[in-house]
Amino acid sequence: MATTTTTSIGTADEDRVLATAQQIVNSLNTPKEVREDMLLIFSSFDNRLSNITDLVKDESNTAEGRLQAAEKVILRWETSSSGSSRHHSLPWEDAPEEVAEYFSAIDDVIQSVGDLSIRSNNEIMDRAETAIQMAMSRLEDEFRHILISNTVPLDVERLYGSIRRGEQFFTSIDEGFESFGEVDDERGCFHERGPSLGDDVCVDLISADALIDLKEIADRMIWSGYEKECVQVYCNVRRDALDECLVILGVEKLSIEEVQKIEWKDLDEKMKKWIQAVKITVRVLLSGERRLCEQIFNASDSIKEICFNETAKGCLMQLLNFGEAVAIGHRSSEKLFRILDMYDAAADALPDLQEMLTDEFICTEAKGVLHGLGEAAKGTLVELQNAVQNEPSRRPMQNGEIHPATRYVMNYVKLLVDYSETLDSILETDEDEADRFHGEAGDNHQLQSTTPFAKWLFLVISSLESNLEEKSKVYDDNALQYIFLMNNILYVVQKVKDSELGKLLGDNWVRKRRGQIRQYATSYLRASWSKALSCLKDEGIGGSSSNASKVALKERFKSFNACFEELYRIQTAWKVPDPQLREELRISISEKVIPAYRSFVGRFGNQLESGRHAGKYIKYTPEDLESYLSDLFEGSPLVLHHMRRKST
């Protein structure tokens, strides 16, 4: 009777024996029942082979058995959807246990493919790969469906409600640099400063409940080697969603050529929408997209980066193309404020983009657009300065009033102060400008060490002052030249003093211009009243107060009266808008003329008073003259016809 061998062998040898027996059984590719009978025969030869029965039973349970069960679940869904729509969706909400069963089946197939016993069997491997292919095709469709159906519409009203706006007064000149039209401080339009977005703005781009399902699908597609299909679906759907967001934000797809053909009024609206869209896209939409990618694709850093970069690229390039078109477009002063708003928006967005994106191409393009907008702003400022310096209008302002160019330039630069930090970052003074600046700044050490924008301000206002000097020369009357210069320089000083311009240009700059105004006032008195005052001098009247020639005295009074009446007629038509300057000029005239007239009348008037027609020569008392002087510089011409003394 045969006995079972019990020879002891080492553990390593035992493992090799078991592995060899297992390989023999598997290689026969026989049905399960036949394999079990063969194992019983093997174990009867040596009780050490009895363990292989449990080993193969477990193997069957964890590999082929699981694969068969998983195949049934996967095929059941393929069969159930073949009669109607191929893309009949899984019951994500109605029967989550069925979805869990489907995921578990996929996991089993994926796991079985990695099993050594399965990989060595071509037939079973083909079945496993077919099951995976069917499952991945379904998951791809499910992934797309969930992404689309759970996209949250962009709540524009809420986003716009979180945007803080600021408005600035801007006097618009349609002709741009070429002509400074008639404007005043009471008319014009408001420049709406670029909006700022609150720091706490956050939106859900996909329903939160769907994120878990999306992640479950993405994980399995990546584990199965179908990451390319998963990425493609995600990028296509989310790219379309972002494009739709831009449409909602009012951003159109326009070529560079189309942008440059748009009329300014329409372009201004598009630029405003672009600014809002850049802020919302980067701070809200792309930030949300980044979170989505991190939540759905946290199983793979590389896939997460690819999905975000590819999703963001389309909408960003659309925004950047518009920015580039504006940057290289026709320059005009009215565009500058909006360009600066665009520059600020792009500058604020760039650090966030660089932090979120790993696509160097997009970041480089964004830097290029930012640089282009800065160059457009800088070029506009240079052109504005040249236009101010060379503004060709030589038509004299009626009555010596403030020139439109003065109003335009000062209101313009006053608004620019709000962008001083931005302008400091984009203004680079070249050597010629630096030499000119240092020459004109002179010993003003405050200006020598000031900011780039303050230096530009100094130069453009200096250009304005030079231009005003040239414009004053069109007046034939020297006195009116000085009235014109006083009006305009005082307007400049007031605009500087009453705004942030004063901090940039400094107190010394203001004091110097006030000194100029006093010099103009002195020159005005000399040019305007010297002739009248010369009539009140003692020279040439033939003697002392008691024996002066009456004929000479009569001529002197007649000449003075004629001069005064002519000055009154002319200078009541002149306009000094500032009430303080107007009153100071009247007082200065009065201080010169009234004492001289009173003295002259006091010394020589008695010689004519006793004669006939005395009132013909001594027509006015000092009080009369002082009263008439109060009519000067009101801009309404008055005439003293056949006037006689108001009082005796």
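The protein chain exposes about 32,000 Å², and carbon and sulfur atoms supply 49% of that; accessible areas here come from the Shrake-Rupley method with a 1.4 Å probe, and for residues only the protein chains shown count as cover. Keep in mind that this is a predicted model, where local features need pLDDT of at least 70, side-chain atom pairs count only at pLDDT 80 or more, and totals for chains, interfaces and linings use all residues. Residues are numbered from 1 along each chain as its sequence is written, and side-chain values use heavy atoms, with hydrogens and water left out.

**Overall make-up**

- You're looking at 26 helices and two strands in the protein chain; both are DSSP runs numbered from the N terminus, with helices being H or I of at least four residues and strands being E of at least two.
- Of the 648 residues, 50% count as buried, meaning under 20% relative accessible area with a 1.4 Å probe, protein chains only.
- Among contacts with a separation of 6 or more, 80% are between residues 24 or more positions apart; a contact means heavy atoms within 4.5 Å.

**Helices α14 and α19**

- α14 (residues 360–390) packs on α19 (residues 452–472) at about 20°, with the axes 7 Å apart. Those axes are lines fitted to C-alpha atoms, for helices over the stretch in contact, and angles run from 0 to 180 degrees between N-to-C directions.
- That angle makes the two helices roughly parallel, a label for angles under 35 degrees.
- On the α14 side, L381, V382, L384, Q385, V388, Q389 and N390 make the contact, and on the α19 side it's W456, L459, V460, S463, L464, S466 and N467.
- By type, the residues of this contact split into eight nonpolar, six polar and no charged. Here Ala, Val, Leu, Ile, Met, Phe, Trp, Tyr, Cys and Pro count as nonpolar, Asp, Glu, Lys and Arg as charged, and the others, Gly among them, as polar.

**Helices α8 and α9**

- The axes of α8 (residues 208–223) and α9 (residues 227–248) come within 7 Å and cross at roughly 145°.
- A218, M221 and I222 of α8 meet E227, E229 and C230 of α9.
- This contact has four nonpolar residues, no polar and two charged.

**Around Y568**

- Y568 sits in helix α23 (residues 550–571), and it counts as buried because its relative accessibility is 5%.
- Setting aside neighbours within four places in sequence, Y568 is in contact with Y628, D631, L632, L638, V639 and L640.
- Y568 and Y628 are 60 residues apart along the chain, yet their C-alpha atoms are separated by 7.6 Å.

Terms used
Angles under 35 degrees count as roughly parallel, over 145 as roughly antiparallel, 65 to 115 as roughly perpendicular and the rest as oblique.
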